[in-house]
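Have the structure open while you read, and go through the points in order.

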Amino acid sequence: MSSCLANLAALHGLQDDFELHPPDLLLFYNLTQVREADCRAFTHRAAQGDTELLANLPDQRAALQRVALACLGGPRLRLSASDLLLLGVLVCDMDASSIMAADPRVLQNLQRCHRLTAPQQAALNTLLASGETTLGPPGSWNLEGLRALGPLATYISSSLWMQVQQAVGLDFFGSTVATYRAGRLSQQDARRFVTDFLKAKAESVSSRPKRGTATGRPCLRGDITAATLRDDLFLVHYDCVQLESCLGSRVLKANLDPLLQHPLPAECQRVVKAKLARVYPRGVPEEQLPLIASLVYLYSRSEIGQWNVTSRDTVVALLASDVALENQTEAVLQKYLDHNGTLTGALLVAIGGSRLCWMSARQIQAIRPSEFRLAGALDISSCPQSRKDVLYAKAREAFGSTRTTAAYYRFMRPYLGGAPVEELRHLVQANVSMDIDTFTNLNPHVLQSLSVGNVTTLLGQNVGDLQKARSHPTISSWLRSLNRSALGELGLDTDPAGLSGPGRSTTVTPNTAPRGPYPAPTSGLPRHSAPASGSPPAHLGYLPLSVALPSGLLWLLYWGTPGLSQDCSWDTRTMASEDGAAPAPRAGKRGLVAGVHHVRHSRGPQGWSPPTSSSQDRELE
């Protein structure tokens with residue numbers, strides 16, 4: 001969506017109006033068209049965007065940083081405060097040495113990073129240990145300063161926690177656990193923080209009681225009660241050894257939920273699992289299963305075989321937490337199916353497309369085509385190739401009788417990662433303009449069988465995005481099989497550095513001009529009276545505000561361009577009205593990026609309504 005709008009802005013000469021456009025949109029712009037005089041202003045605005053949107057465009061992401069540094073006059077030994085203000089979120093892609101050498105206000109930039117690499121974490125701790133930040137040396141830190149660090153505080157090492165005043169550390173620990181229990185901190189961040197903090201506490205104790213034998217460890221802190229578990233400092237008072245010694249069976253059974261609301265380290269989770277096995281030797285009862293979602297990854301297939309999973313709500317509670325692994329997902333679903341459960345479209349949406357990756361081929365085949373249609377476009381991009389192949393076959397079964405190419409491609413697009421070469425060649429003849437995210441998700445081995453002409457036609461107006469994604473493994477493996485002449489035919493330069501800085505031209509010339517009539521596809525695809533949809537089927541009602549509401553003339557041109565659909569391909573709006581159906585909202589990653597607030601409308605643009613079973617069934621008549 002953003003890439004298409006960026007191409008549209010370039011086509012109509014609107015890139016100079018970048019100050020009116022959302023920062024996320026600027027990330028996708030053709031950087032060679034950024035005027036040198038606008039370099040700093042453009043970079044400053046683009047650096048307010050979310051670079052995670054460029055997950056499948058690694059070269060564009062790298063080019064943004066090169067352009068930004070070029071605006072500063074080239075790479076610098078030390079980034080100043082003004083440099084950091086310009087670079088914004090682009091600092092998240094910089095190496096550890098640049099972070100350590102930067103002005104201490106680099107912390108404000110790092111707070112915007114989705115995650116830090118191990119070297120970046122080490123650089124952060126080196127910077128904090130220096131005492132040059134606004135927090136001062138660790139011994140002088142206070143609660144307000146630590147809170148001001150935001151998510152960066154979860155990366156503080158155990159060696160630094162040992163230098164923090166005990167009262168300050170305990171106050172911050174309790175505050176962080178309370179934030180986690182309120183659902184405002186991820187399990188991964190909370191567990192990382194708790195593990196390092198407790199490690200520091202253990203190392204700072206000069207004399208610890210001996211653990212004794214495996215069966216006779218004394219309870220030194222007193223029996224754990226319901227009131228104990230309500231204390232945000234519970235894990236400070238009871239380490240995993242004391243948890244094993246002081247937690248009785250009756251308290252465990254009655255207070256399993258508040259216990260597991262704490263971000264237990266892995267060792268403590270194993271203690272709880274072992275205690276549950278003693279309390280419930282025949283398997284955890286179903287009413288308790290929704291409470292142990294964070295522990296599911298510890299259970300073997302045979303242990304899950306002891307459970308009774310009869311409720312859809314139980315399945316959702318166990319599998320919607322992104323904790324269960326392959327064997328656990330398959331085993332939980334099999335227990336549900338064994339009790340006459342049905343894999344409905346609503347259930348598939350609730351647990352997310354990634355769970356399809358870990359279902360067995362037999363379970364996937366058991367999904368009724370009507371339910372698969374109701375599930376809509378599930379995100380299976382993280383699936384291994386073997387599962388993508390099975391899911392493609394299921395999608396063909398569900399959508400193969402769709403009347404038009406536009407509707408067929410719109411529904412099949414998320415599952416084309418398992419498509420054989422014959423399917424892709426049919427899509428080439430149907431003149432779909434495949435978006436780059438779908439293209440990078442194709443089977444790399446199948447892609448090797450496509451010619452340069454096939455790929456150029458398949459991508460259509462999006463062919464210029466190859467330059468922005470040429471380092472993506474799927475694309476680079478295909479490009480390596482081509483000679484220089486073929487690369488030139490694609491409009492790609494032969495310089496591995498790819499995109500150049502502002503003001504420099506490259507051989508990339510994305511074809512964003514509207515095309516004329518399209519030839520009819522060969523047999524194997526539904527007939528069509530207009531070209532197919534070419535980009536992810538995300539309604540504007542499910543897009544981030546920053547993308548769903550771009551300003552002014554660009555948006556008017558977007559809707560005013562003849563034949564341009566809401567998903568940035570040609571004539572889909574016409575086809576959608578003919579088909580009488582719209583794609584279902586995407587499950588898994590909603591909109592353009594997970595975790596962004598979305599606005600949902602009761603009706604989409606152009607009068608489209610949310611899909612129903614009847615509307616999709618009519619399309620498959």
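1. Start at Ser 157, which touches Asn 125 and Asp 196 once residues up to four places away in sequence are set aside; contact here means heavy atoms within 4.5 Å. Ser 157 sits in the loop between helix H9 (143–148) and helix H10 (158–161). Helices (H or I, at least four residues) and strands (E, at least two) are DSSP runs, numbered from the N terminus. The side chain of Ser 157 also makes a polar contact of 3.0 Å with the side chain of Ser 159. A polar contact is a pair of N or O atoms within 3.5 Å; within protein, one must be able to donate a hydrogen and the other to accept it, and residues adjacent in sequence count only if both atoms are side-chain atoms. Thr 126 is 31 residues from Ser 157 along the chain, with 9.8 Å between the two C-alpha atoms.

2. A word on what you're looking at: this is a predicted model, where local features need pLDDT of at least 70 and side-chain atom pairs count only at pLDDT 80 or more, while totals for chains, interfaces and linings use all residues. Residues are numbered from 1 along each chain as its sequence is written, and side-chain values use heavy atoms, with hydrogens and water left out.

3. Now the overall picture. The chain has 37 helices and zero strands. Of its 621 residues, 55% are buried; buried means under 20% relative accessible area, exposed over 50%, and partly exposed in between (1.4 Å probe, protein chains only). Take the contacts with a separation of 6 or more: 71% of them come from residues 24 or more positions apart.

4. How many salt bridges does the structure hold? There are 16, counting a side-chain nitrogen of Lys or Arg within 4 Å of a carboxyl oxygen of Asp or Glu. One of them pairs Asp 38 with Arg 35, with the closest N and O atoms 3.0 Å apart. Asp 38 is buried at 15% relative accessibility, and Arg 35 is partly exposed at 46%.

5. Another salt bridge joins the side chains of Glu 52 and Arg 115 (3.3 Å, N to O). Glu 52 is in the loop between helix H3 (39–46) and helix H4 (58–71), and Arg 115 is in the loop between helix H7 (106–110) and helix H8 (118–129), so this pair ties together parts 63 residues apart in sequence. Arg 115 is exposed, at 52% relative accessibility.

6. Arg 312 and Asp 313 form a salt bridge too, at 3.7 Å from N to O. Arg 312 is partly exposed, with a relative accessible area of 32%, and Asp 313 is exposed at 54%. Elsewhere, salt bridges with shared partners join Glu 52, Arg 61, Asp 93 and Arg 115 into one network.

7. On to the rings. The count comes to 14 aromatic pairs. Rings of Phe, Tyr and Trp (its six-membered ring) pair if their centres lie within 6.5 Å; planes under 30 degrees apart count as stacked, over 60 as edge-to-face and the rest as tilted. Phe 173 and Phe 193 have ring centres 5.7 Å apart and planes at 40 degrees, so that pair is tilted. The pair links distant parts of the chain, with Phe 173 in helix H11 (residues 166–181) and Phe 193 in helix H12 (residues 187–204), 20 residues apart. Phe 173 is buried at 0% relative accessibility, and Phe 193 is buried at 0% as well. Ring pairs also link Trp 161, Phe 172, Phe 173, Phe 193 and Phe 197 into a cluster.

8. Which residue has its charged end over the ring of Tyr 299? That is Lys 273, 4.9 Å from the ring centre; a charge sits over a ring if NZ of Lys or CZ of Arg is within 6 Å of the ring centre and within 35 degrees of the ring normal. Tyr 299 is buried, with a relative accessible area of 7%. The charged end of Arg 410 likewise sits over the ring of Phe 411, 5.2 Å from its centre.

9. Asn 340, in the loop between helix H21 (326–338) and helix H22 (345–351), has a positive phi near 65 degrees and is exposed at 73% relative accessible area. Asn 431, in the loop between helix H27 (421–429) and helix H28 (436–440), has a positive phi near 60 degrees but is buried at 9%.
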